[in-house]
Amino acid sequence: MERVRLEFPATDLVHRHRLPVRIGDMNYGRHLGHDAAIGLLHEARVHVFESLGFHEWDVVGHPSVVADLAVQYRAEARWPEALIVDSAIPAAQGRGFHVYQRLWRPADERTVALARVGVVLLDPHTGKPVELPVAFGEALARAKQRGAD
């Protein structure tokens, strides 16, 4: 199996979110578990939508859904470490877009994980993907101009 190395598109950074590793996030190996890492990334992604002026479940009348997810782990994280999730959204292609997320530890600036999440917006009546609303693209452009908080 060929592995494609994910790269974080820093020029498309739109949001930064701080999160702690909670005791319940630990797995039997005594480090951040896969399921917990996905949950932390989801939490940060909800804040990305909010920072753009939308809700994950209502982007100009359309719910967003995860179509695919790729995660690559680069280091371990443990309780009670503080982590930061940087989120970047490059220009949309087709009917969806990618959210790249870098989960990193500020104490040593080490990347814990990189993720690429494929997202589509659905027509709430048909359940089919829709073109991205202009308002969403405009909100992304403003966020990129501001940079991460």
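Start by selecting strand E5, residues 110-121. (Strands are DSSP runs of E with at least two residues and helices are runs of H or I with at least four, all numbered from the N terminus.) This strand is mostly covered, with nine of its 12 residues buried; buried means under 20% relative accessible area, with a 1.4 Å probe and protein chains only. A note on what you see: this is a predicted model, where local features need pLDDT of at least 70, side-chain atom pairs count only at pLDDT 80 or more, and totals for chains, interfaces and linings use all residues. Residues are numbered from 1 along each chain as its sequence is written, and side-chain values use heavy atoms, leaving out hydrogens and water.

Look for glutamine 101, which stands opposite alanine 115 in E5. Four residues lie between the strands of this hairpin, where glutamate 109 takes a positive phi near 60°.

Now show E2, which runs antiparallel to E5 and is joined to it by nine bridges. Which residue of E5 is the bridge partner of glutamine 72? Zoom in and you will find leucine 114.

Last stop: select Phe49, Phe54, Phe97 and Phe136, which form one aromatic cluster. Rings of Phe, Tyr and Trp (its six-membered ring) pair if their centres lie within 6.5 Å; planes under 30 degrees apart count as stacked, over 60 as edge-to-face and the rest as tilted. That rule gives three aromatic pairs. The rings of phenylalanine 54 and phenylalanine 136 have centres 5.8 Å apart and planes at 45°, so this pair is tilted. Both of these residues, phenylalanine 54 and phenylalanine 136, are buried.

Key
Buried < 20%, exposed > 50% of the residue type's maximum accessible area, 1.4 Å probe, protein only. Pairing = 2+ DSSP bridges.
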